[in-house]
Amino acid sequence: MADNDRSSSLLGRSMSHALDEMRVFRTWLRWLCVDQSNYWTASLSWLVFIGLAIVVPALSHFVLSCADSLHSRPHDAVAQLSLSGVASLSFICLSRFVRRYGLRRFLFFDKLCDESETVRKGYTDQFNRSLKLLFIFVLPCFAAESIYKIWWYTSGGTRIPFLGNVIVSNTVACILELCSWFYRTVVFFLVCVLFRLICCLQILRLQDFAQVFVVDSDVGSVLSEHLRIRRHLRIISHRFRLFIMFALIFITASQFASLLMTTRAKADVNVFHTGELAVCSVSLLAGLLIILRSAARITHKAQALRCLASKWHVCATINSFDVAENETRVGRVGDEQFFTGISDASTDFDDVGDEEDEIDNSKFIPSYAHSTISFQKRQALVTYFENNNAGITIYGFMLDRSSLHTIFGIEMSLVLWLLGKTVGIS
């Protein structure tokens with residue numbers, strides 16, 4: 001019984017050794033105070049979260065209020081609640097992921113041993129770029145927020161000498177607010193970037209899987225590999241569905257609250273009053289776009305396999321017909337010239353660059369190697385692809401480009417309705 005419990009615990013999460021490929025990433029997580037690999041770092045992580053995501057924003061809003069018309073912050077409540085809300089959601093989800101699965105298993109590093117060298121190398125490169133991408137999104141917004149906060153404090157935004165000296169008090173308050181803003185933004189973007197990283201792995205796997213249609217593969221191995229990919233996509237959807245759904249709800253509510261406050265009657269809209277709200281909105285929308293674009297890309301790649309499988313079936317069927325007994329050699333030569341012409345014509349698409357997808361393209365598939373696969377097996381595989389869509393879902397709702405268009409249409413309708421109620425747009 002003890003051996004079974006130990007085996008279950010080992011399968012429950014995948015531990016890392018100290019000198020693995022994730023040591024640099026773990027170091028950054030410790031410096032960002034989001035590492036929860038053991039009890040002490042988890043306790044410190046929660047203390048920092050409560051202090052910077054809840055206590056400091058609350059004190060900033062209620063203590064540092066200013067009656068001056070230039071330095072008043074009428075939209076501060078919306079900005080603080082929006083950023084703290086998505087940061088809390090991100091931190092809770094990240095804590096649950098790391099505690100339940102471990103960082104290696106959560107990022108599918110324990111599954112890389114089953115992948116090809118191309119997938120392993122591509123995913124390692126994406127993983128090494130993930131922190132750089134994180135700071136590419138965070139640092140510009142943090143620079144804009146720093147400029148606004150420094151202006152607000154240096155121009156006399158507050159005169160509360162809680163440390164006995166106005167300059168020292170303003171310096172400490174400014175640093176705490178900037179640390180709070182930076183921490184909340186980093187936590188939110190970290191989960192978004194990790195989701196993008198995991199989606200990049202599945203995209204690499206789909207691109208590698210597409211190569212089975214241009215080599216001599218049997219239908220059984222193709223079906224088995226696609227079932228494995230679909231299983232991983234379901235795992236990703238199940239892990240991130242709550243985060244994606246609530247992030248979409250929170251950010252949408254935040255944007256509508258911001259729009260309502262800035263378009264209502266007697267609203268004083270200028271860079272001094274709405275600057276912080278604008279930076280917060282841009283940050284949240286950028287994170288949301290990372291999530292939705294990553295989900296749509298992987299769903300598009302998965303659905304493009306249906307087109308590739310159908311094209312493979314057609315090319316293989318044309319190329320594998322039997323020569324009739326009364327067919328002359330001249331006719332056979334004509335057929336060979338026809339297929340050669342197809343191959344030559346397909347090279348005309350080499351100049352399209354990025355306009356065509358790696359999987360869903362207009363090139364013909366050289367199918368001479370597939371003549372040994374029967375028509376019935378190929379047809380069964382194509383039927384399977386047509387009736388088994390793969391991609392990122394939220395409780396059965398597929399996140400593809402059509403779904404994003406629907407979400408955009410609904411939110412645009414709500415925006416126009418809100419503008420009609422506030423500024424009279426009909």
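Colleague: Where does UniProt place the feature "transmembrane region"?

Modeller: The unreviewed UniProt entry puts that feature at residues 39–59, 79–98, 133–153, 181–204, 240–260 and 272–292. UniProt positions are given here in the numbering used for this chain, feature names are shortened, and annotations may be inferred rather than shown by experiment. Residues are numbered from 1 along each chain as its sequence is written, and side-chain values use heavy atoms, with hydrogens and water left out. This is a predicted model: local features need pLDDT of at least 70, side-chain atom pairs count only at pLDDT 80 or more, and totals for chains, interfaces and linings use all residues.

Colleague: What is the chain made of over residues 79–98 and over residues 240–260?

Modeller: Residues 79–98 are 100% helix and 0% strand, with end C-alpha atoms 28 Å apart. Residues 240–260 are also 100% helix and 0% strand, and there the end C-alpha atoms lie 30 Å apart. Helices (H or I, at least four residues) and strands (E, at least two) are DSSP runs, numbered from the N terminus.

Colleague: How many helices and strands does the chain have?

Modeller: There are 12 helices and 2 strands. From the N terminus on, the order is α-α-α-α-α-α-α-α-α-α-α-β-β-α.

Colleague: What is the average pLDDT of the chain?

Modeller: The average is 76, and 72% of the residues score at least 70. Over residues 1–19 the pLDDT is below 50, and this stretch has 19 contacts in the model beyond near neighbours in sequence. Residues 322–343 stay under 50 too, with 10 contacts beyond four places in sequence. pLDDT is the predictor's confidence in each residue, from 0 to 100, and a contact means heavy atoms within 4.5 Å.

Colleague: Why does the span of helix α3 agree with its number of residues?

Modeller: Helix α3 covers residues 39–63, which is 25 residues; at 1.5 Å a residue they should span 36 Å, and the end C-alpha atoms are 34 Å apart, so the two agree. The expected span is 1.5 Å times one less than the number of residues.

Colleague: Where in α3 does the kink lie?

Modeller: The kink, of about 30°, is at Val-55, shortly before the proline Pro-57. The bend at a residue is the angle between axes fitted to the seven residues ending there and the seven starting there.

Colleague: Which residues of α3 are buried, and what do they pack against?

Modeller: Among them are Thr-41, Ser-45, Phe-49, Leu-52, Val-56 and Pro-57. The buried residues of α3 pack against α4 (76–101) and α7 (166–209).

Colleague: Why is Leu-201 called buried?

Modeller: Buried means under 20% relative accessible area, exposed over 50%, and partly exposed in between (1.4 Å probe, protein chains only). Leu-201 has 3% relative accessibility, so it counts as buried. Leu-201 lies in helix α7 and touches Leu-107, Phe-108, Leu-112, Val-119 and Tyr-123, not counting residues up to four places away in sequence.

Colleague: What makes Phe-108 stand out in its phi?

Modeller: Its phi is positive, about 65°, although Phe-108 is not a glycine. Phe-108 sits in the loop between α5 (103–106) and α6 (117–154). With a relative accessible area of 4%, Phe-108 is therefore buried.

Colleague: Is Cys-33 buried, partly exposed or exposed, and why?

Modeller: Cys-33 has a relative accessible area of 21%, so it is partly exposed. Cys-33 is in the loop between α2 (23–31) and α3, and its phi is near 60°, a positive value in a residue other than glycine.

Colleague: Why does Glu-145 count as buried?

Modeller: Glu-145 is at 1% relative accessibility, so it falls into the buried class. Glu-145 lies in helix α6. Not counting residues up to four places away in sequence, Glu-145 touches Leu-178, Trp-181, Glu-276 and Val-279. Glu-145 and Trp-181 are 36 residues apart in sequence and 8.2 Å apart in space, C-alpha to C-alpha.

Colleague: Which residues of α11 are buried, and which are exposed?

Modeller: Arg-378, Leu-381, Val-382, Tyr-384 and Phe-385 are the buried ones. Seen down the axis of α11, the buried residues fall within an arc of 155°, so they line one face of the helix. The arc is that of the directions from the helix axis to the C-beta atoms. On the other side of α11, Gln-376 and Asn-387 are exposed.
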